[in-house]
Protein chains: 2
Amino acid sequence: MEFIEYYNRLRQIVEDELATLVTQERPRTLYEPIRYILSGGGKRVRPILSMMACEAVGGNPLHALHAGIAVEVLHNFTLVHDDIMDTAHMRRNRPTVHKKWNENAAILAGDCMMPIAYQILLKTPSLSHLPELITAFNTGVIDVCEGQAYDLEFEQERDVMLNDYLLMIEKKTAKMLELAVVAGALIGNAQQEHIDALRRYALAVGTGFQIQDDLLDATANEAEFGKRIGGDIIEGKKTFLILHATQKATKPDDKALLQKFYDEQGLLPDDVPLMIDLFHRLDIINTTQCEVERSMHHAHEALQALPDNAGRKMLAHFAEMLVQRTS
Amino acid sequence: MEFIEYYNRLRQIVEDELATLVTQERPRTLYEPIRYILSGGGKRVRPILSMMACEAVGGNPLHALHAGIAVEVLHNFTLVHDDIMDTAHMRRNRPTVHKKWNENAAILAGDCMMPIAYQILLKTPSLSHLPELITAFNTGVIDVCEGQAYDLEFEQERDVMLNDYLLMIEKKTAKMLELAVVAGALIGNAQQEHIDALRRYALAVGTGFQIQDDLLDATANEAEFGKRIGGDIIEGKKTFLILHATQKATKPDDKALLQKFYDEQGLLPDDVPLMIDLFHRLDIINTTQCEVERSMHHAHEALQALPDNAGRKMLAHFAEMLVQRTS
């Protein structure tokens, strides 16, 4: 089967099941925001990863459907709360929950999604690995909270090191992908060696994905990217490119531009081309591209520890899909 | 053993264990607020209830220690988020988390406490009832979120019925006590009949406690109460007394005073004695006292279904302690 056909089939299964899972009506100020965020689409990466991982270790992918949806619900809970903290107004081309309702509704909706997620997890056909599953879920949520706390701390700090940044994106982005594959693998009764391989795969894919995201801000085709190039530079985000440039810059002009970026917490739109030019001159674009490729290499290498089957093939395609995106 | 001695002994065990459970240092903006709220004292009602319930069904109370502490951590998570939503500045004589740090830190600390609670639950010596325990925890958190959502909705509504109010306090207050006893009972391998009895007990105690809380605002001795009488009346809170008075008032003057309370979302301090006088004249104080006693009667009646042992005796004392408080 073609990967894209396989992916879309699983995605439809996820959408159909997800639509049946939260049907309560009252209190309206609680359940309307929850249904709103859960119906907002997205690629449903996490449940599909759970199912592929389950298949890769020899399990029935559908047995991992509810665990995967539970991870998706947790992911959406973190989005609702992150959007409050980041005062984001739009998400997936729609107003964020706290803009459409209010902050209190967004706090409560997020809070309630966590027990809803754990309850969905309990729909898994066999609960023989329940303690490990619950531990993986707990660890995943704790990691995401730690990642978000570091992200907020780094906004206030001048001296963020590249390693701090990599730890932060690992916790904030990669750990939920790790949870998705570990849950799928546990449900597929995987051997420890296969669980460990899937863990390495997910961490590599998640890190590569996030660094690619940083890269696209400086290199994407604006029409395909769907947002203005250099948004991160304007917002003052300490991305992989910025932190790398900070370590590498030696010329006074370059150091002054970076200093301006830090002092003014971002650059004016007119100055964006200067920073992108700096990225090219210091070979940051190229190094970042190599870092993404290195992550992908790690991901494919990790998959070698798994049996050669359809699930493993799909996981390989999936890694490619995530980094070949242009938006 | 004297009840108070028994209670304090269990409380010390809870404090000692709780102090060992969250020891991570970084990120500081995440773990400092969590340790702050968890070290804030309080009566530790929920873990003690879990242990007493476990003992009442014939189990070892210490086996319910971690489940009870997990409920306590969840309870504290709801306090941190409720304080943001209610813009409360003080809690247990200290600044609230969002005042001492900021709103983002308070959102994240609360978020992280939920998986921490579930992880503490997993320290329970036997996990043979884990699916039921997790379901009870999920239901408890969902109920508290629903209760808080109703509470916020009722602030905006003119026509809140006494039954709506009773449903709200059941969800917001009583359901966490229910969770505490059900968890203890499950860990003590209780029969279904005993679990159901403890459930009825907790719901009665929780409802009685909350109505008593409303009553104290109008009747307590200010010195013992530790806060000004009539605070709820000034803040415009739709308490059991207010809602009952609204149903009962017929005289134009009384209706006008209640109308003023609703229109201006509370009364000025000088008008508080008028409302308290109205409560007395319409027999609201007396009816409310009877309602608290009726709840206590239900609680004691529920305990009759349990074997007559030390745990049951302590649960009976506990119910008395909660409503005999003057603050």
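Predicted model: local features only at pLDDT ≥ 70, side-chain atom pairs only at ≥ 80, totals over all residues.
A:Thr87 sits in the loop between H4 and strand S1 (90-91) of chain A. Residues are numbered from 1 along each chain as its sequence is written, while chains are lettered from A and ligands numbered from 1 in the order in which they are written.

**Backbone details**

A:Thr87 is not a glycine, yet its phi is positive, about 45°. The residue is exposed, with 11 other C-beta atoms within 10 Å. (Exposed means 12 or fewer other C-beta atoms within 10 Å of a residue's own, buried means 20 or more, and partly exposed lies in between; C-beta atoms are placed from the backbone.)

B:Gln265 lies in the loop between helix H13 (252-263) and helix H14 (272-281) of chain B. It is exposed, with 12 other C-beta atoms within 10 Å.

| Cis bond | Omega | Loop holding the proline |
|---|---|---|
| A:Arg26 to A:Pro27 | about 0° | between helix H1 (3-21) and H2 of chain A |
| B:Arg26 to B:Pro27 | near 0° | between helix H1 (3-21) and helix H2 (28-38) of chain B |

**Chain A as a whole**

Chain A has 16 helices and 2 strands. Its radius of gyration is 20 Å, close to the 20 Å that the globule rule gives for 327 residues, so chain A is as compact as a globular protein of that length. The radius is taken over C-alpha atoms, and the rule is 2.2 Å times the number of residues to the power 0.38. Along the principal axes, the C-alpha atoms fill a box of roughly 60 × 50 × 35 Å. Of the 327 residues in chain A, 50% are buried.

Two residues are in contact if their C-beta atoms, placed from the backbone, lie within 7 Å. Among contacts in chain A with a separation of 6 or more, 73% join residues 24 or more positions apart.

**A helix pair in chain B**

Helix H3 (residues 45-56) and helix H16 (residues 310-324) of chain B have axes that come within 7 Å and cross at roughly 140°. Axes are lines fitted to C-alpha atoms, for helices over the stretch in contact, with angles from 0 to 180 degrees between N-to-C directions. H3(B) gives B:Met52, B:Glu55 and B:Ala56 to the contact, and H16(B) gives residues including B:Met314, B:Leu315 and B:Phe318. By class, this contact has 6 nonpolar, 1 polar and 2 charged residues. Ala, Val, Leu, Ile, Met, Phe, Trp, Tyr, Cys and Pro count as nonpolar, Asp, Glu, Lys and Arg as charged, and the others, Gly among them, as polar.

**Between the chains**

The contact takes 32 residues from chain A and 32 residues from chain B. On the side of chain A, helix H2 (28-38), helix H4 (65-85), helix H6 (103-121) and helix H7 (130-156) each give two or more residues. H7(A) brings the largest share, 14 residues. That side divides into 22 nonpolar, 7 polar and 3 charged residues.

The same surface serves both copies: 100% of the contact residues of chain A recur in chain B.

How values were computed: Helix = DSSP H or I, 4+ residues; strand = E, 2+ residues; numbered from the N terminus.
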